[in-house]
Amino acid sequence: MSAYTGYLLRVNLSSGSTNREPIPVEVQRRFVGGRGFGIRYLFGETDGGIDPLGERNKLLFMPGVLAGTKALGFGRWIVMTRSPLTGGLARACGGGNFAAFMKFAGCDLVIIEGKAERPSYLFLHEGGTEIRSAADLWGLDTEMTQKALQEKHGQRTQTACIGPAGERLVRFATITHGTRTASRCGVGTVMGAKNLKAISISARPKLLEPVDKEGFDGLQKEHSTILRDHKRRVKMHTFGTTFLAHMMRDAGILPFKNFQTGNIEAIENLFTDAYAEMRKGTHGCYNCMTRCGQVHEVKEGPYTGAWSEGPEYETIWAFGPQVANTDVGATVRADRLCDLLGIDTISTGSAIGFAMELFQRGIITTQDTDGIELNWGDHRVMLDLIHKIAYRDGFGKLLGEGTKRAAEHIGKGAERYAMHCKGMELPAYEPRAAKGHGLSMATSNIGGSHMYGYARQEISGKKDPRPVDRFADEGKGDIAAYNQIDKGLEEVGILCNFADSGLTYELLGGLYATATGFDELREVPALRRLGERIVCLERCYNVREGFTRKDDTLPERMLTEPLPDAGPATDQVVRNLDALLDEYYDYLGYSRDGVPTPEKLKELGLDDISL
Ligand code: SF4
């Protein structure tokens with residue numbers, strides 16, 4: 001009995017072969033599961049310099065080690081590959097039931113190799129694994145695809161699929177399961193490049209049993225008791241992440257008009273109350289007590305009847321303040337459209353805001369935009385551009401390349417207005433207003449992500465490991481590294497960021513140890529070393545792709561322009577990123593060029609890695 005199935009499923013779409021292989025105990029012990037398995041196999045089985053959209057790239061799907069057990073809030077799954085957006089590591093995380101069903105189907109990891117000759121889907125069922133034709137699915141949106149596969153294989157079939165955008169290789173395409181998506185880094189683009197429309201699972205839900213059942217059940221009950229009355233859980237359940245918009249606005253963290261200012265007075269109605277009035281239900285992932293998903297339906301205005309599970313905070317920003325839109329109904333419509341067509345809401349909204357700023361400055365005109373006037377706040381244009389991006393139509397084709405490539409193509413100084421790190425668009429956090437959070441986004445191995453190491457110390461006043469002044473120009477390196485390590489160790493689980501209320505290291509380590517039988521995970525230093533090992537190997541992956549210190553940076557705007565009209569954050573600027581980088585590298589034992597030293601690799605048990 002163990003929380004592991006003990007196997008990985010390897011599928012080669014070029015040869016049509018499918019094999020189940022044991023995962024060695026040494027790998028289980030060193031990397032534990034989830035993101036740990038992902039980076040171990042991605043690094044070990046692919047070469048540097050491969051084409052992200054070529055046959056030699058691999059696409060890895062991971063449930064966490066606690067998926068499919070009784071543990072609460074570990075229902076998420078991760079996809080890793082080489083990113084077509086950044087050229088570095090891609091990691092995207094989705095929710096729903098898919099992780100648990102990967103485990104029920106007997107997989108701790110699914111590795112997709114090669115490229116199918118024709119549109120195909122993968123069907124995992126009790127009799128085995130089949131690669132089937134997806135000729136009748138190609139072109140369908142993500143909802144229709146899932147419905148069609150349920151009609152074919154039964155209502156309980158669980159599917160993760162791409163939409164039209166992934167088929168067309170939009171660089172920030174997503175993978176959708178239910179109404180949840182693994183959104184970032186272009187993981188859906190890689191799936192599209194492999195001609196893989198979907199992975200469907202038909203399996204009997206049978207809970208995985210931990211090694212130490214009694215110990216595990218005791219810890220699980222303790223966690224459940226803490227969670228039930230935890231203030232943050234109740235807030236998440238009641239509002240989802242919509243309440244964050246107000247909180248970030250008041251802190252000056254919410255960017256406005258492509259990070260030009262923090263001024264959001266004009267869009268006051270895009271916040272919590274407006275969404276509360278539209279709420280018609282909640283939705284949760286597998287075995288989650290928090291159930292943060294908020295289903296909204298528009299009750300008035302031009303988008304009456306539109307609904308979505310969401311938008312959550314990032315998407316409210318992407319289709320609200322980022323483009324100066326004040327119509328809440330349009331944000332719901334935009335969220336749903338992106339889910340159906342299969343594009344990342346953050347990168348999409350960011351690309352549209354970028355284009356609007358270029359239009360504002362006269363860098364592009366209607367001659368570049370298929371005749372469309374890109375005026376701030378025009379939600380009809382915003383929705384039109386979502387379609388154009390997903391279908392790679394006209395000007396949308398350029399925006400679907402991501403802001404970095406689009407800016408390079410446009411020239412005329414457009415690069416200054418592309419808000420990305422390493423080629424991936426920044427989320428709804430102004431780095432000038434939370435500099436440790438900004439440093440984490442600058443150094444993140446997947447590019448501009450708030451989820452690689454969320455600085456709760458700056459955003460919500462967390463005191464652990466120490467309180468932090470978010471405006472201070474130094475003393476952030478250890479915090480950024482601490483949070484990234486924290487996320488790494490949580491994502492062997494794979495624990496959801498919104499469901500971790502009250503979960504201590506001791507409790508988390510205990511759950512891992514009793515589930516796997518690896519007792520050392522009860523010790524906090526061993527747990528943190530595990531997180532650090534994962535982050536370090538991810539850094540090695542990027543080093544192998546040629547990333548150096550120069551890539552650990554923020555858009556020029558954050559480094560040179562004091563932030564206007566941002567309440568308490570007004571006039572803030574990231575004055576000395578270089579000093580922050582030195583702190584960060586020193587804390588992690590990397591060279592000042594951002595490369596893990598041989599001593600650090602040895603300390604983390606990665607001495608088989610040569611850079
Ligand atoms: S908190 Fe929300 S996103 Fe996280 S596992 Fe629960 S329902 Fe899913």
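This is a predicted model: local features need pLDDT of at least 70, side-chain atom pairs count only at pLDDT 80 or more; totals for chains, interfaces and linings use all residues.
Leaving aside its neighbours within four places in sequence, which residues is Ala 355 in contact with? The residues are Ile 364, Leu 374 and Leu 399.

Let us step back to the whole chain. The protein chain holds 24 helices and 17 strands. Its C-alpha trace covers about 60 × 55 × 50 Å along the principal axes. A compact globule of 611 residues would have a radius of gyration near 25 Å, and the chain has 22 Å, so the two agree. Of those 611 residues, 60% count as buried.

Now back to Ala 355. This residue belongs to the largest nonpolar core, which has 197 residues. Ala 355 is listed there among the residues with the most contacts inside the core, together with Leu 60, Val 79, Met 102 and Leu 109. Helix α21, running over residues 524-544, gives the most to this core, with nine residues.

Next, look for the ligand. It is surrounded by 13 residues, and the closest are Cys 285, Cys 288, Cys 292, Cys 496 and Phe 498. By type, the shell around the ligand has six nonpolar residues, six polar ones and one charged.

The backbone has some details worth a visit too. Most peptide bonds are trans, and most residues other than glycine have a negative phi. Here are some exceptions. The bond from Asp 464 to Pro 465 is cis, with omega near 5 degrees. You will find Pro 465 in the loop between α18 (456-459) and α19 (477-490). Another cis peptide bond joins Gly 493 and Ile 494, where omega is about 0 degrees. Ile 494 sits in the loop between α19 and α20 (505-516).

For positive phi values, turn to Asn 258 and Asp 571. Asn 258 has a phi near 60 degrees and lies in the loop between α9 (243-251) and α10 (272-278). Asp 571 has a phi near 75 degrees, and its place is the loop between α22 (556-560) and α23 (577-588).

Are these two residues buried or exposed? Asn 258 counts as buried because it has 29 C-beta neighbours inside 10 Å. Asp 571, by contrast, has 11 such neighbours inside 10 Å and therefore counts as exposed.

How values were computed:
Residues are numbered from 1 along each chain as its sequence is written. Helices (H or I, at least four residues) and strands (E, at least two) are DSSP runs, numbered from the N terminus. The radius of gyration is taken over C-alpha atoms; the globule rule is 2.2 Å times the number of residues to the power 0.38. A residue is buried if 20 or more other C-beta atoms lie within 10 Å of its own, exposed if 12 or fewer, and partly exposed in between; C-beta atoms are placed from the backbone. A residue is near a molecule or strand if its C-beta atom, placed from the backbone, lies within 6 Å of it. Ala, Val, Leu, Ile, Met, Phe, Trp, Tyr, Cys and Pro count as nonpolar, Asp, Glu, Lys and Arg as charged, and the others, Gly among them, as polar. A nonpolar core is a set of buried Ala, Val, Leu, Ile, Met, Phe, Trp, Tyr and Cys residues joined through C-beta atoms within 7 Å. Two residues are in contact if their C-beta atoms, placed from the backbone, lie within 7 Å.
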